[in-house]
Amino acid sequence: MNPLVRPTALDLFRGLSDADLGRIAQLCTERRYPHGATIFSEGDPGDAMFIVTEGLVNLVSVSDKGAETILHILKPDQIFGELFFAEERRAFDAVASTDVLVMIISRKRFEEILASFPGIARNFIRLLSRRLVRVERGLAGFGHTWSYHRLGRVLLQLSKEHGLPTPGGIMIPLRLTHEDLAKLIGTTRETVTTQINRFKRLGLLKREGSHFVVDTDLLAKFLSPEDVSSGKLAHLPR
């Protein structure tokens, strides 16, 4: 999973009045996609930005050999396709993980919005700058960690972005298979199964129905740099 926090509509339109938000809404269109539908594909023209209104969207990268990596799972209010000023063609696929409703802002309309609302232009620059910093910091360590560490980080991130508190821990209300998690961290399903079983034995997470429940405090301590440097985790496979 890409080690960054996705921008949200709240961040982008922060500071606008209700009247201004109403004017902007008139420049947008809404579209529904059924579960499994492709919203856009790699190589498609980068001619619009999207805001998730309902449902979940997966951003997916497909290698030359056909291997899929899930870059991010987007929830309502999150933005995607916002790099259309930097890329003429889409660099990945966007797929409806559930039935989805999105708000669409064409590039032309967004240019009009930026020209009319300087505050949005500043917010947009700030969001892209923060994203760049997070990408650089995240990728610096992501590729050099072991599979259990990448899996743990992804579970913590999903717990933070989607989690619901329960008496037994933070429930991730997503129907995640071991294959999904493998695509999120760039490894095999078998490796994820091995690490999930280990996490369960250590009391870091459990499965309730189709959902994972994570002890986020314990998992964060388990992944702490102090444990890694001290060799406490050296017995774990990569």
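**Charges over rings.** I took a charge as over a ring if NZ of Lys or CZ of Arg is within 6 Å of the ring centre and within 35 degrees of the ring normal. R207 sits likewise over the face of F212, at 4.1 Å from the ring centre.

**Ground rules.** I am working on a predicted model, where local features need pLDDT of at least 70, side-chain atom pairs count only at pLDDT 80 or more, and totals for chains, interfaces and linings use all residues. Residues are numbered from 1 along each chain as its sequence is written, and side-chain values use heavy atoms, with hydrogens and water left out.

**Aromatic pairs.** I listed eleven aromatic pairs in the structure. Rings of Phe, Tyr and Trp (its six-membered ring) pair if their centres lie within 6.5 Å; planes under 30 degrees apart are stacked, over 60 edge-to-face, and the rest tilted. I picked out F50 and F80, which are stacked at 5.0 Å centre to centre, with 10° between the planes. This pair links distant parts of the chain: F50 is in strand β3 (residues 48-54) and F80 in strand β6 (residues 79-80), 30 residues apart. I then checked burial (under 20% relative accessible area is buried, over 50% exposed, partly exposed in between; 1.4 Å probe, protein chains only). F50 is buried at 6% relative accessible area. F80 is buried too, at 0%.

**Whole chain.** I counted nine helices and twelve strands. These are DSSP runs (helices H or I, at least four residues; strands E, at least two), numbered from the N terminus. Of the 238 residues, 44% count as buried. I also looked up contacts (heavy atoms within 4.5 Å). Among those between residues at least 6 apart in sequence, 73% join residues at least 24 apart.

**Largest pocket.** I noted a volume of about 330 Å³ for the largest pocket. Of its 19 lining residues, H35, N58, S97, R175 and D180 are the closest to its centre. A pocket here is an open set of points on a 1 Å grid over the protein atoms alone, where a 1.4 Å probe fits, with protein on both sides within 12 Å along at least five of seven lines; lining residues have an atom within 4 Å of a point. The volume is the space filled by probe spheres set on the points, which are joined across faces, edges and corners. I found that β4 (57-62), β5 (68-74), β7 (93-96) and α6 (178-185) each supply at least two lining residues. β5 gives the most, with three.
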